Structure formats: C-alpha cells, structure tokens
Amino acid sequence: MALSLYVDTARWRAHQKSVIQQFPGLVPVCKGNGYGFGHERLADEAARFGADMLAVGTTYEAASIKDWFGGDLLVLTPFRRGEEPVPLPDRVVRSVSSVDGVHALVGARVVIECMSSMKRHGIHEEDLGQLHSAIEDVRLEGFALHLPLDRTDGTDAVEEVIGWMDRLRAARLPLHTMFVSHLRAEEQARLQQQFPQTRFRARIGTRLWLGDHEATEYRGAVLDVTRVAKGDRFGYRQQKAASDGWLVVVAGGTSHGVGLEAPKAMHGVMPRAKGVARAGLATVNRNLSPFVWAGKQRWFAEPPHMQVSILFVPSDAQEPKVGDELVAHLRHTTTQYDRLVDR
C-alpha cells in the first residue's frame, strides 16, 4: 500500500495544450523533483507535445534528463567559475549571468541573464559594453529575464522587458531571442507585436504542469486502524488519547514530504491570523495533517514517521478501514510519491 499520485491524464494534457497555445515557443521547465511528477515523466510529456527545448535547474539534472529527452536542455542555474565539471552533450545550453562567465565558456552555447527587479542574478547595464568581444567566443542563444511574480509597487512587467530590449539594442547586441519568465500571455503578445524581429520564449513550469489543480490528487492508503479510549497511551512518546477514537496508520511520511512545508508569503490579516493560530496549536502538539477523512482534515496523532503517518480520528466520525485511501493535500514540489496512477 502506498502514497499515490492520481493523474486525470486527459484533463492534465488538455491543460498543457491550452498553455502551449497561449505561449508560442514555450520552453517547459523540469527541475527539482519534476514538480511532483518526476523528471522522466515530464521529459516524456515534453517530447510528446513536441518541445524542442527543456529547461532544467542544474547541470546534475541535465546529466540525468539527457537520457530521457533528445532536444536541447537549458540549464537555469548560471555558470560560475570553479564549479564541478559535469560531462554534458553539446545540446546543453548554459545560462550565464556575468561577463566573466561568458569569457569562461569559450565555444559553448549560452543564454545571458539580465538583472531584473528580482535582483537575483544577471548582467547589469554597465556590463553591456564588455559583451561585444565576449560573445564572439560563444554561441549566443539569446538573452533572458526572470521576472517577479508579484508587483506590489504597481510597476509593469512589459515595460521592464522593453527597458532591457532598448538597452540591448542601444548596445548593438543581437536580439534574435529573449527568454522570459512569469509573463502573462497577453503581455508576451504585446512584446511580440512591438518587437516582431525577436522571438520571445516563455520558460514555464508551475503554470504548465500544475495549473489545473483538479487534474491531480494525492492519496494515502490506510495500513492499520486501532481503537483507543480516552486516556490510552500510544506512540513513540506514549502520549494520552484526548478522547475515544481510532489511530489510523496511513502511507505517507517524512520521506514522502509529508509534514514538510515551505515558508509562505502571507498577505492580509486573515492569513496571518491563521498562521498564528497554527503556531499556537503546534506548541501543544496539535498539528493538522494533510490527510482528509469524512470531509475533514485530520490531526496528526504524533509527528509523521519516515514512511507512514499516524492520525487520530474521533469516534463521532466513520471508522476508516484498511485499504481505504485518504486524499492528501500536499505540495507537489516537496512530495515524492510511491506510485503514479494514470486515470
């Protein structure tokens, strides 16, 4: 019995098709844990819908995925001098975020990242004059801009891209291709209309693979059910049951990513209040699990184990049975399933 990822394959692929239609020249992104699906599955999907390039996070991912995807591979992490060399085929394109990096990659295929309002990495305007001689020794595939998701200051994403296009054009640098991230379809269309000689290619991962939340579902299988009475001791720490009910052992533990949570940016009073409430409950060992039974998320009876979680289901709910599956609200990018089931 397992933690399973169920995929409504027809619906999932219909969503992929709609995104691809909105973003001509789209470059699918497959990094990390493959957005919960795994590298091999996403490489197969990208090949199936005819992608000529697949973006990956690191050179190590490129070394793995090269055996599953026959097109070009774009490594998103910028090259740095002194990094561990990883044997890669010529179809791998390296991102570069400095003039020094360009000089170090003689003969390589490169995409040059420009510093955006993300302020993460990229060349600056004052670097552009030095790029003329540097790019003579590489095969320039284009420039790139990684843009923020939110613009709380009211700035315009299109205007930010236009600003960089104007700087690159003024520096007489080639503008045949611009890779962009986190633009809306209508924003990319505006840019394509304004710069018809440049090919804009959106690098998209989350929106492509996870944009239709109803197309996928995690479920954990019930492995054991034990009735307990109020006051009974249980588990590693021999805590007392707060009331009558059942201890439910369900597939899915820390090795799967259950109980792990990435920090979230909170906006507004209500989300902050909920965050404070959750933190307060955690101090008295009350932690809500991602598993749902009888229409409610159930509490962990104790912290999740490596491969299973133990939940407490009170006696006023229906008793779970071994073999039942509990829906689990898990974050795809931090979850590792035991099996994937196409439906």
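How many helices and strands does the secondary structure of the chain come to? The points below take up this and related matters.

1. Basis of the model. This is a predicted model, in which local features need a pLDDT of at least 70 and side-chain atom pairs count only at pLDDT 80 or more, while totals for chains, interfaces and linings use all residues. Residues are numbered from 1 along each chain as its sequence is written, and side-chain values use heavy atoms, with hydrogens and water left out.

2. Overall architecture. The secondary structure comes to 9 helices and 18 strands; helices (H or I, at least four residues) and strands (E, at least two) are DSSP runs, numbered from the N terminus. Taken along the principal axes, the C-alpha atoms fill a box of roughly 75 × 45 × 40 Å. Of the 343 residues in the chain, 48% are buried, where buried means under 20% relative accessible area, exposed means over 50%, and partly exposed lies in between (1.4 Å probe, protein chains only). Among contacts (heavy atoms within 4.5 Å) with a separation of 6 or more, 66% are between residues 24 or more positions apart.

3. Confidence. The average pLDDT of the chain is 93, and 93% of the residues score at least 70; pLDDT is the predictor's confidence in each residue, from 0 to 100. Residues 272-284 have a pLDDT below 50, and this stretch has 7 contacts in the model beyond near neighbours in sequence. Where pLDDT is low, the predicted coordinates should not be read in detail.

4. Helix α6. The 14 residues of α6 (residues 157-170) should span 20 Å at 1.5 Å a residue, and the end C-alpha atoms are 20 Å apart, which agrees; the expected span is 1.5 Å times one less than the number of residues. At the start of α6, the backbone nitrogen of V158 has a side-chain oxygen of D156 within 2.9 Å. The buried residues of α6 are A157, V158, E160, V161, I162, G163, W164, M165 and L168. Their cover includes α5 (128-134), β7 (139-146), β8 (177-181), α7 (185-194) and β9 (199-204). R172, which follows α6, has a positive phi, near 60°.

5. Nonpolar cores. A nonpolar core is a set of buried Ala, Val, Leu, Ile, Met, Phe, Trp, Tyr and Cys residues joined through side-chain atoms within 4.5 Å. The largest has 90 residues, and F37, I112, L131, F143 and L168 have the most contacts inside it. Helix α6 gives the most to this core, with 7 residues. Another core, of 9 residues, lies apart from it and has V228, A301, V308 and I310 among its members. Leaving aside neighbours within four places in sequence, F143 is in contact with residues including V111, I112, C114, L131, L168 and F179.

6. Helix α2. Within α2 (residues 39-48), the buried residues are H39, R41, L42, A43, E45 and A46. These pack against α1 (9-22), β2 (27-28), β3 (53-56), α3 (59-65), α8 (206-210) and β18 (339-342). G50 follows α2 and has a positive phi, near 85°.

7. F79 and R94. F79 is placed in the loop between β4 (72-75) and β5 (92-96), and counts as buried because its relative accessibility is 11%. Not counting residues up to four places away in sequence, F79 touches R94, S95, G101, A104 and L105. R94 lies in strand β5 and also counts as buried, at 10% relative accessibility. With the same exclusion of residues up to four places away, the contacts of R94 include T59, V75, F79, E83 and R109.

8. Cysteines. A search of the whole structure finds 0 disulfides, a disulfide being a pair of cysteine sulfur atoms within 2.5 Å. C30 counts as buried, at 0% relative accessibility, and C114 counts as buried at 1%.

9. Most residues other than glycine have a negative phi. Y35, in the loop between β2 and α2, has a positive phi near 55°; Y35 is buried, with a relative accessible area of 6%. H182, in the loop between β8 and α7, has a positive phi near 70°. At 34% relative accessibility, H182 counts as partly exposed.

Technical notes: Polar contact = N/O pair within 3.5 Å; in protein donor to acceptor, adjacent residues only side chain to side chain.
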